[in-house]
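This note is intended for a colleague reading the structure for the opening time. Please keep the displayed model at hand while going through the numbered points.

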Amino acid sequence: EKITKMIDELVASLKQEQADDEEKKEYCGKQFDLTEDKTKALERSIADLETVIEEAKEGIATLTDEIKALGVGIKALDKSVADATAQRQAENAEYKELMS
């Protein structure tokens, strides 16, 4: 009878441990699923951000080229203005000479 009682207590203890282990296993499974979902979301976010970065780099390259082209255009315009100013000054000097 004493041994039977000890065996019953041991069986009850093992059943409780089994129940606890099953709860822990279920909890861990849920945590793995949550972590997997978060990982996938972060990977999608990283991919999206990498796309945005690449698009921004392309935009920067385009704007850099446009700035260079505008700089060349400004230099050409400045030269044209300087040439026109010199021509007007020469014409003005010629006019003043004729009028004197």
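1. The model under review is predicted. On its surface, I3, I7 and V11 make a nonpolar patch of about 270 Å². One of these residues, I3, has its place in helix α1, which covers residues 2–99. The relative accessible area of I3 is 59%, so I3 counts as exposed, the cut-off being over 50%.

2. As for charged pairs, 3 salt bridges are found when the whole structure is searched. The points below take them in turn.

3. E26 and K30 are joined through their side chains in a salt bridge, at 3.4 Å from N to O. Both residues belong to helix α1 and stand 4 residues apart, about one turn of the helix. K30 is partly exposed, its relative accessibility being 49%.

4. A salt bridge also links the side chains of K57 and E54, with an N to O distance of 4.0 Å. This pair, too, lies in helix α1, with a spacing of 3 residues, about one turn of the helix. With a relative accessible area of 42%, E54 is partly exposed.

5. K79 and D83 form a salt bridge in which the closest N and O atoms are 3.2 Å apart. Because K79 and D83 are 4 residues apart in helix α1, about one helical turn separates them. K79 counts as exposed at 53% relative accessibility, whereas D83, at 43%, counts as partly exposed. The two labels follow from the cut-off for exposed, which is over 50% relative accessible area.

Terms used. Residues are numbered from 1 along each chain as its sequence is written. This is a predicted model: local features need pLDDT of at least 70, side-chain atom pairs count only at pLDDT 80 or more; totals for chains, interfaces and linings use all residues. Side-chain values use heavy atoms; hydrogens and water are left out. Patches are made of residues with over 30% relative accessible area and no salt bridge: like charges are joined within 9 Å, nonpolar side chains (Val, Leu, Ile, Met, Phe, Trp, Tyr) within 5 Å. Accessible areas come from the Shrake-Rupley method with a 1.4 Å probe; for residues, only the protein chains shown count as cover. Helices (H or I, at least four residues) and strands (E, at least two) are DSSP runs, numbered from the N terminus. Buried means under 20% relative accessible area, exposed over 50%, partly exposed in between (1.4 Å probe, protein chains only).
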